[in-house]
Every structure is written in structure tokens, then in C-alpha cells.
Amino acid sequence: MTIMIILVVFNGVKESQAATENPLLIEANKYIGVPYLYGGETPQGFDSSGFVKYIFVQTYNQAMPRTAQKQFSLGTAVARNSLMPGDLIFFGSSATNITHVAFYKGNDQLIHATVSQGVSTTSFEKSAYWSANFVGAKRVSILPAETIDNIIVKEALKYEGSPYLYGGTTPKGFDSSGFTQYVINQTLGFSLPRTAKQQFVMGTEVARKSLEPGDLVFFGSNTSNITHVAIYKGNDELIHATVSQGVSITSFEKSAYWSSNFVGAKRINGAPTIDVNNPLVKEALKYQGVPYVFGGENPEEGFDCSAFVRYVHLKSLGIYLPRSTDQQWQVGEKIELANIQPGDVIFFSDTYRDGISHDGIYIGDNQFIHATRGDAVTISYLSSEYWQSKFTGVRRFTGLTLPKENPIVAEATKYIGEVPYVSGGTNPDTGFDVSGFVQYVFKHAANLDIPRWGDQQMLIGDSVARSDLRPGDIVFFKLTTINPAIYIGNDQVVHVTLSDGVRITNIKTNPTWSSKYLGAKRIVK
């Protein structure tokens with residue numbers, strides 16, 4: 001919709017009266033005293049062109065270009081001796097180097113945002129400085145006709161004129177992907193990946209001939225070498241952060257450079273999908289923001305990466321995992337990346353140390369949640385160049401649930417983390433020693449009376465090869481004495497240790513217990 005500023009010829013009416021009736025000046029006067037802020041375009045602070053842009057939006061709900069140089073391209077030229085209230089006056093060294101813009105208030109007065117005084121009223125012709133630096137004046141009688149409905153484009157246009165800054169992600173300075181990341185976050189409420197190449201994996205593919213305002217358009221030599229991203233504005237225009245012009249509007253197909261370097265386009269309609277119905281994912285999301293603490297094992301004290309994965313599996317599915325990343329890597333089902341599902345665990349190598357050193361839980365749509373070193377439990381994109389370079393593989397642990405249908409396993413696991421080690425202990429009320437625990441479980445789960453000590457327990461039942469172990473078998477280890485444990489499946493035993501009381505240990509991944517393995521017996525009633 002075209003909105004016109006109606007200019008009235010004031011025959012014999014004083015300029016002061018015209019100024020009091022001009023809607024632009026009425027709005028501008030509200031902000032006298034607002035401080036100067038380089039790049040500012042809100043009442044928290046303005047620079048000169050940001051002030052002009054803001055006043056036009058507030059008065060006529062119409063967008064103006066962000067820079068004084070571009071604002072000079074609008075409207076009709078006005079002679080210096082024919083100025084009227086509401087005209088724009090431009091200053092600089094020449095018509096190609098305009099650095100400042102002001103509203104003409106009438107009676108030789110300007111209202112503008114200056115470095116020294118913020119939004120203020122100053123003289124024009126009586127000022128040696130402003131008079132000497134006058135370049136030209138414009139009367140903007142018809143504002144741009146287009147109406148922007150797309151929220152992404154609307155947001156992007158707010159930052160026209162922001163400078164280019166390599167690595168920049170805020171209005172103080174943007175690079176191309178930092179700009180699109182910022183705009184999408186402001187409009188759709190989530191963070192895109194940081195680089196243009198990573199952003200290209202998001203959204204829905206759009207054909208070149210089917211572009212719509214708000215689509216992301218990607219450029220480079222090929223899909224493996226994407227170096228730039230822009231927001232399609234419509235009418236063959238892009239808005240993007242370029243090295244030469246900062247955030248600016250350029251042609252697309254009419255530009256030989258951008259047209260020839262087009263790689264593809266994507267439409268982003270909303271945040272990536274997270275499978276919140278998956279029990280592992282649902283549990284993991286509860287702990288976003290819990291700080292990273294090396295050695296931390298719960299949300300109260302903080303998590304490191306493997307403790308986070310272990311804690312979530314235990315709380316959501318009752319699955320006991322080994323403690324360290326390299327031990328977790330050795331258990332579970334190997335999954336190809338192409339077949340990854342929410343709840344699977346992704347492993348990385350050579351992060352803070354050599355070898356398997358980090359892991360996280362896949363939550364869907366190229367995302368995983370993990371306890372990041374030096375930060376907190378957070379969500380990251382698997383497509384990140386860093387994580388791609390460290391990616392090692394995927395494991396699925398859902399098959400490691402405990403066989404609670406086995407009465408001995410069901411009884412033994414009741415006491416995990418609940419009963420301490422006590423020398424001579426034979427019941428859960430006071431505590432267990434190693435063999436006292438095994439004796440108690442068999443009595444209460446299977447009504448079997450077995451000997452009191454490990455060396456005696458090893459003499460009963462049928463011998464079982466390690467490869468043929470079943471839940472409920474007794475496994476023996478040789479330390480200073482013979483230590484019995486109850487096998488519960490998936491290379492795991494429940495047993496009593498001096499430090500932890502009743503606990504689960506994976507005897508495949510734990511080097512101490514694996515090396516002390518002595519044999520196993522199966523006791524059948």
C-alpha cells in the first residue's frame with residue numbers, strides 16, 4: 001500500500017506554524033535529549049540516519065533505508081533556499097560521501113542526532129559547520145510502495161546499514177551467517193547453526209524459480225563449499241551482510257556475481273523437531289543449563305558428559321551404563337549414522353584428550369544434547385564443523401534394560417545405591433559384605449540356602465563358561481579373597497564394593513574386574 005505525505009503550500013503562513021503541524025516533526029520532537037549511539041535506531045540511542053528511519057516508521061509505518069547515503073536517493077531534490085519543515089537535509093564532503101542527515105524544522109533550525117548533543121535542535125545557516133558541509137536536501141513525498149508481510153524480511157530490514165564484521169553475530173557487526181542466525185532467532189525463536197554451510201542442512205529445499213520472501217539463499221562454488229547466505233527479500237532482491245556494504249539490499253538474478261554463485265535455497269518455517277516423546281530425550285531436556293563439572297554425576301553438583309548420558313539412561317529406562325566415555329563406547333549396539341534415532345548416543349574423539357572423549361544424546365533433526373566442557377548441558381548441531389571433525393560413531397543402549405523377570409536379578413537390583421558395605425553384614429538393614437549380599441539375595445529370591453563365604457559358594461552349583469553366562473549366575477573374582485557377584489546380563493554384575501556398597505559394574509569394560517575374573521557357577525533349585 002502506498003502512503004503519501006501530503007504537502008500543503010503555506011501561503012503567508014509562518015514556518016513555525018508549519019513545523020508544529022508537520023507529523024514528522026511532531027514525532028521527532030518527542031525524542032529531544034535521547035543520547036547519540038553509533039548504529040542506534042531506537043529511543044535508547046540514535047545515530048543520524050537511525051533517527052530519521054525511526055521517525056518515518058513511527059509516523060507513517062514505512063521503512064526507510066538505514067544509511068544517510070541511501071536515504072539521499074529518495075524523494076525530490078529541494079533547493080537550499082526553498083526548504084520546508086519536514087525536508088531532509090544531507091551533509092558530508094560530496095554527494096557520494098554523505099555522513100549525516102537531519103530534519104529541517106523551519107526558521108533555520110535542524111532537528112537531528114549529533115555526536116555531541118544527541119537528539120537536539122541546532123542552527124543550520126548560522127552554523128559555520130553545518131552550513132559548510134551541506135550537500136543537498138530532499139522532500140520525501142512518496143515513500144516506498146511495497147508492504148512487507150514476511151516477519152523474517154521485516155526483521156532483517158531493521159539492520160540495514162549495520163557494518164560487516166567477520167565472526168559478527170549482533171547488530172554491532174554481522175557476517176552473512178551471523179546475520180541470518182540473528183534474524184531467525186529474533187523471529188522464530190531458535191538458533192540456526194553458526195556457519196552458512198551448516199545452515200544449508202536446515203529447512204526445506206526450495207527451487208530457484210519458487211523463491212519467496214524470507215527464504216535463505218546460499219552461495220559458493222558448490223554444496224560442499226558454501227561461503228555466503230542471504231535472505232530473499234522478494235522482487236529479485238537479497239538482504240544480507242556483505243564485506244563491502246555491510247547489511248544491504250542487492251539484486252539477485254540481475255547481479256552477475258550472485259546469480260552465477262547460487263548454490264541452493266532453503267525455507268525455514270520453524271525450529272528443528274525434537275522428539276520430546278522419546279523417554280531418553282524427554283529426560284535429557286530436563287537438565288538443560290545444568291553446569292558442566294568434571295567428575296560431576298548429578299544435577300545438584302553438575303555433570304560431565306559421560307555422567308550426563310549415564311544419569312539420563314538410568315532415570316528414564318533404568319539402564320546402567322559404565323561411567324566413562326570410552327567404557328560406554330564398548331557396550332550397546334553399533335548404529336550407522338544413516339540409521340540414527342532419537343535416544344541414540346553419539347561419540348566423539350580427540351576433544352580434550354586423545355581417544356573417545358565425549359558423548360551426547362541425539363534428540364532429532366540433526367541435534368544432540370550434551371554436557372559441554374566449560375559450559376553446561378546444552379543442545380548442539382551434529383552438522384557443526386567441529387563436531388563433524390570429531391565424530392566417531394553411534395551406539396544404542398536401549399537393549400541393556402535389566403531382565404527384572406528373573407527373580408534373583410529383581411531382588412539384587414533393589415539394593416543398588418541403597419545399602420552400604422559393612423564388614424560381616426548379611427542384611428539390608430545394617431549393610432552387606434560381599435558374600436553376605438549374594439547369600440541374602442539367593443535366600444530371599446529363590447529360597448536357596450547357600451554357603452556364607454565366597455570360597456565356599458564357589459564349590460556348589462554347575463560351572464559356566466564366561467561366554468554362556470545368564471542372569472542369576474554367580475560370578476567370582478580373585479582379589480585378596482574370592483569375591484562373588486550376581487550376573488544380571490549385558491556383561492554387568494551386581495555386587496558389593498567397599499567404596500560404593502551395592503553397585504553395578506560392567507565386567508567387560510572395567511579393567512580391574514575383568515582382569516580378576518575367576519569363574520562362574522549356576523545354582524538351580
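# Briefing on a predicted protein chain

In the protein chain, 55% of the contacts with a separation of 6 or more are accounted for by residues 24 or more positions apart. The model is a predicted one. Its secondary structure consists of 17 helices and 32 strands. The radius of gyration is 35 Å, well over the 24 Å that the globule rule gives for 525 residues, so the chain is more spread out than a compact globule.

**Overall dimensions, surface and charge**

- Taken along the principal axes, the C-alpha atoms of the protein chain fill a box of roughly 120 × 50 × 35 Å.
- Buried residues make up 51% of the 525 residues in the protein chain.
- The protein chain exposes about 24,200 Å², and 50% of this area is supplied by carbon and sulfur atoms.
- The side chains include 45 positive and 47 negative ones, and the centres of these two sets are 1 Å apart.

**Asn483, a buried strand residue**

- Strand β29, which covers residues 482–489, contains Asn483.
- Asn483 has a relative accessible area of 11%, and it counts as buried because this value is under 20%.
- A polar atom of the Asn483 side chain lies 3.1 Å from the backbone oxygen of Thr481.
- When residues up to four places away in sequence are not counted, Asn483 touches Val434, Val475, Phe476, Phe477 and Trp513.

**Met202, a buried loop residue**

- Met202 belongs to the loop that runs between α8 (196–199) and β11 (204–205).
- The relative accessible area of Met202 is 7%, so this residue is buried.
- Apart from neighbours within four places in sequence, Met202 is in contact with Leu192, Pro193, Lys266, Ile268, Pro272, Asn366 and Tyr381.
- Met202 and Pro428 are 226 residues apart along the chain, and their C-alpha atoms are separated by 54 Å.

**Gly461, a partly exposed loop residue**

- Gly461 is placed in the loop between α16 (454–457) and β27 (462–463).
- With a relative accessibility of 40%, Gly461 counts as partly exposed.
- Beyond its neighbours within four places in sequence, Gly461 is in contact with Lys521, Arg522 and Ile523.
- From C-alpha to C-alpha, Gly461 and Ile148 are 81 Å apart in space, and they are 313 residues apart in sequence.

- Most residues other than glycine have a negative phi.
- Asn235 is not a glycine, yet it has a positive phi of about 55°.
- Asn235 is located in the loop between β13 (225–234) and β14 (237–242).
- Asn235 counts as exposed, with 66% relative accessibility.
- Asp365 likewise has a positive phi of about 55° although it is not a glycine.
- The loop that holds Asp365 lies between β21 (356–364) and β22 (367–371).
- The relative accessibility of Asp365 is 40%, and the residue therefore counts as partly exposed.

Conventions: Residues numbered from 1 in each chain as written. Predicted model: local features only at pLDDT ≥ 70, side-chain atom pairs only at ≥ 80, totals over all residues. Heavy atoms only, no water. Helix = DSSP H or I, 4+ residues; strand = E, 2+ residues; numbered from the N terminus. Buried < 20%, exposed > 50% of the residue type's maximum accessible area, 1.4 Å probe, protein only. Polar contact = N/O pair within 3.5 Å; in protein donor to acceptor, adjacent residues only side chain to side chain. Contact = heavy atoms within 4.5 Å. Rg over C-alpha atoms; globule rule 2.2 N^0.38 Å. Areas by Shrake-Rupley, 256 points an atom, 1.4 Å probe, with all protein chains shown as cover. Lys, Arg positive; Asp, Glu negative; His and termini not counted. Charge placed at Lys NZ, Arg CZ, Asp CG, Glu CD.
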